[in-house]
Amino acid sequence: MGSKGRPYRTLTFDGFEVLVGRGDDDNDALTFEIAEPHDLWLHVAGGTPGSHVIVRNPGRGEVPREVVERAAAAAAWYSKARGAARVEVHVCRVADVSKPRGAPAGLVQLARWKSVRVRPEVPGREPG
């Protein structure tokens with residue numbers, strides 16, 4: 001059996017597992033059912049449609065900046081902003097993401113976040 005049934009694709013950056021939602025319903029499932037509160041959540045800023053991206057953080061430590069930036073580049077790539085030179089991406093803990101009542105699939109509210117500006121980049125498979 002392949003992994004076609006899963007609502008996300010999986011990437012690995014420096015040993016961190018990064019999950020990328022495939023669509024609005026998948027984004028909701030990824031963010032609210034699969035992700036843990038201490039995982040990182042990323043999405044392109046400014047209301048641009050795009051995938052929710054989760055960086056697994058089982059150790060609950062600080063995720064290295066390079067991993068955050070690569071996950072942000074993936075979030076930008078899997079969004080409508082793919083063609084832009086630089087894209088602003090919001091980063092927060094999953095615990096800071098909530099679903100407004102009655103909101104459509106994929107729409108969320110953030111309690112607090114940071115922004116990183118990155119170049120959209122197709123996530124390369126790491127050698128090995």
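## Close-up views of a predicted model

**View A. The largest nonpolar core and the residues at its centre of contacts.** The largest nonpolar core comprises 26 residues, and those with the most contacts inside it are Leu42, Val55 and Val89; such a core is a set of buried Ala, Val, Leu, Ile, Met, Phe, Trp, Tyr and Cys residues joined through side-chain atoms within 4.5 Å, where buried means under 20% relative accessible area, exposed over 50% and partly exposed in between (1.4 Å probe, protein chains only). Two or more residues each are given to this core by strands S1 (8-13), S2 (16-21), S3 (40-44), S4 (53-55), S5 (87-93) and S8 (114-118) and by helix H2 (65-77), and H2 supplies the largest share, eight residues. Helices (H or I, at least four residues) and strands (E, at least two) are DSSP runs, numbered from the N terminus. The model is predicted, so that local features need pLDDT of at least 70 and side-chain atom pairs count only at pLDDT 80 or more, whereas totals for chains, interfaces and linings use all residues. Residues are numbered from 1 along each chain as its sequence is written, and side-chain values use heavy atoms, with hydrogens and water left out.

View B. Not counting residues up to four places away in sequence, Leu42 touches Ser51, His52, Val53, Val55, Val68, Ala71, Ala72, Ala75, Val89, His90 and Val91, a contact being heavy atoms within 4.5 Å. In soluble globular proteins, nonpolar side chains tend to be buried together.

**View C. Asp96 and its partner Arg112.** Asp96 is found in the loop between S5 and strand S6 (97-98), and with a relative accessible area of 9% it is buried. Its side chain is joined to that of Arg112 by a polar contact of 2.5 Å, a term for a pair of N or O atoms within 3.5 Å of which, within protein, one must be able to donate a hydrogen and the other to accept it, residues adjacent in sequence counting only if both atoms are side-chain atoms. Leaving aside residues up to four places away in sequence, Asp96 touches Gln109, Leu110, Ala111 and Arg112.

**View D. The salt bridge between Asp28 and Lys99.** The side chains of Asp28 and Lys99 meet in a salt bridge (3.1 Å, N to O), defined as a side-chain nitrogen of Lys or Arg within 4 Å of a carboxyl oxygen of Asp or Glu. The pair links distant parts of the chain, 71 residues apart, with Asp28 in helix H1 (residues 24-34) and Lys99 in the loop between S6 and strand S7 (109-110). Asp28 is buried because its relative accessible area is 15%, whereas Lys99, at 30% relative accessibility, counts as partly exposed.

**View E. Further salt bridges.** By the same rule the count comes to five salt bridges. One of them joins the side chains of Asp39 and Arg56 (3.0 Å, N to O); Asp39 lies in the loop between H1 and S3 and Arg56 in the loop between S4 and H2, so the pair ties together parts that are 17 residues apart in sequence. Both Asp39 and Arg56 are buried. Another salt bridge is formed by the side chains of Arg119 and Glu121 (2.9 Å, N to O), and Glu121 counts as partly exposed because its relative accessibility is 39%.
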